[in-house]
Amino acid sequence: MPDSLSKTSGLRSPALAATRYTLTAQALHWLTVLLMLAILPVAWVMVSLPKSPQQVWLFVIHRSLGMTILAVVAVRLAWRAAHPPPPLPGGPSTAMELVGRLTHWLLYALLLLMPVSGYLQSGNGRPVSYLGLFDLPALPENKGLGETAQTAHLLGQWGIYALVALHVLSTVWHVAVRRDGLLGRMIPPQDDAARDVPR
Ligand code: HEM
Ligand code: HEM
């Protein structure tokens, strides 16, 4: 077990609370990952299909998943403001830690930019159906803004691919090379200490 966690894995250690994200932050993180794993293939398939009822439905599913991501990220940022992430083990920030932090903020920025630009494009003078259950309000019609939003949406996907790749590769590096317990900060404890994790 990494030193940073072994020191605190004793039952009921108050320090354990400071070594992990809260269970709520973890749940919101993995929910975002699941939604992203769903929305991207839906996007790729929907833009490849010919005009058809199937394509219309995939667009509805894509837009609805995207608006759900916007809501989850808003809750996530509010939760984060009230529950700051635990300090990283190992003292003062190194350059790599700063890169990690920057990556996280850029990911948040893109997790907001993608749904907002999608809504500005799709909701331009038209309501946006949420899974066919209800409509999100139409935005005032503005052709120029719609086109800019479309460009931002199409370019933003490349930022998502690059940052998620960097993020996952750096997690693999922490797990396989540094073995410093970083992934353990984002998953529930794997032993009896589970009860000590703040919610
Ligand atoms: C995190 C959220 C989102 C992600 C990661 C995402 C990702 C994508 C991707 C990868 C594409 C394919 C682009 C291409 O190569 O043609 C796409 C297209 C599209 N998305 Fe999203 N999207 C998100 C949210 C939304 C939302 C909330 C809406 C609308 C309410 C939306 C509306 C659209 C539309 C209309 C297209 C087709 C664009 C075009 O071909 O002109 N997206 N999205
Ligand atoms: C679409 C995919 C993903 C997105 C958008 C995403 C986003 C984020 C964000 C924004 C944070 C910062 C949390 C904060 O401080 O508020 C974070 C942290 C973290 N993520 Fe992800 N993540 C994704 C996928 C993954 C995957 C697949 C893994 C594991 C292989 C992972 C492992 C982690 C870990 C371990 C942390 C905590 C890092 C630390 O303690 O500094 N993430 N993620």
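## Nonpolar core

Seven residues, Ile-39, Ala-43, Ile-69, Val-73, Leu-110, Leu-111 and Met-114, form the largest nonpolar core, a nonpolar core being a set of buried Ala, Val, Leu, Ile, Met, Phe, Trp, Tyr and Cys residues joined through C-beta atoms within 7 Å. Helix 2, helix 3 and helix 4 are the elements that give two or more residues to this core. Helix 4 provides the largest share, three residues.

A residue counts as buried if 20 or more other C-beta atoms lie within 10 Å of its own, as exposed if 12 or fewer do, and as partly exposed in between, with C-beta atoms placed from the backbone. On this criterion, 15% of the 199 residues of the chain are buried.

## Model and numbering

The model is predicted: local features need pLDDT of at least 70 and side-chain atom pairs count only at pLDDT 80 or more, whereas totals for chains, interfaces and linings use all residues. Residues are numbered from 1 along each chain as its sequence is written, while chains are lettered from A and ligands numbered from 1 in the order in which they are written.

## Secondary structure

The chain contains five helices and two strands, arranged along the sequence in the pattern α-α-α-α-β-β-α. Helices (H or I, at least four residues) and strands (E, at least two) are DSSP runs, numbered from the N terminus.

## Helix packing

Helix 2 and helix 3 have axes that come within 9 Å and cross at roughly 160 degrees. Axes are lines fitted to C-alpha atoms, for helices over the stretch in contact, and angles run from 0 to 180 degrees between N-to-C directions. Helix 2 and helix 3 are therefore roughly antiparallel to each other; angles under 35 degrees count as roughly parallel, over 145 as roughly antiparallel, 65 to 115 as roughly perpendicular and the rest as oblique. The crossing of helix 2 and helix 3 is left-handed, a term that applies if the near helix is turned anticlockwise from the far one by less than a right angle, with right-handed used if clockwise. The contact of helix 2 with helix 3 comprises 19 nonpolar, six polar and two charged residues. In this classification, Ala, Val, Leu, Ile, Met, Phe, Trp, Tyr, Cys and Pro count as nonpolar, Asp, Glu, Lys and Arg as charged, and the others, Gly among them, as polar.

For helix 4 and helix 5, the axes come within 8 Å and cross at roughly 150 degrees, which makes helix 4 roughly antiparallel to helix 5. Helix 4 and helix 5 also cross in a left-handed manner. Their contact has 12 nonpolar, 12 polar and no charged residues.

The shell around ligand 1 holds 22 residues, of which Ala-43, Arg-63, Gly-66, Met-114 and Gly-118 come nearest. A residue is near a molecule or strand if its C-beta atom, placed from the backbone, lies within 6 Å of it. At least two residues of this shell come from each of helix 2 (23-48), helix 3 (53-82), helix 4 (95-122) and helix 5 (143-178). Helix 4 gives the most, with seven residues. By class, the shell around ligand 1 has 13 nonpolar, eight polar and one charged residue.

## Surroundings of ligand 2

Ligand 2 is surrounded by 19 residues, and Met-36, His-104, Thr-171, Arg-185 and Met-186 are the closest. Helix 2, helix 4 and helix 5 each contribute at least two residues to this shell, and helix 4 gives the most, with five. The shell around ligand 2 divides into 11 nonpolar, six polar and two charged residues.

With 15 other C-beta atoms within 10 Å, Met-36 is partly exposed. Its C-alpha atom is separated by 9.6 Å from that of Leu-111, 75 residues apart along the chain.

## Individual residues

Leu-70 lies in helix 3 and is partly exposed, with 16 other C-beta atoms within 10 Å. The C-alpha atoms of Leu-70 and Thr-32 are 9.6 Å apart, although 38 residues separate the two along the chain.

Most residues other than glycine have a negative phi. Leu-131, in the loop between strand 1 (128-130) and strand 2 (134-136), has a positive phi near 50 degrees. Leu-131 counts as partly exposed, with 13 C-beta neighbours inside 10 Å. Arg-179, in the segment after helix 5, has a positive phi of about 50 degrees. Arg-179 is exposed, with 11 other C-beta atoms within 10 Å.
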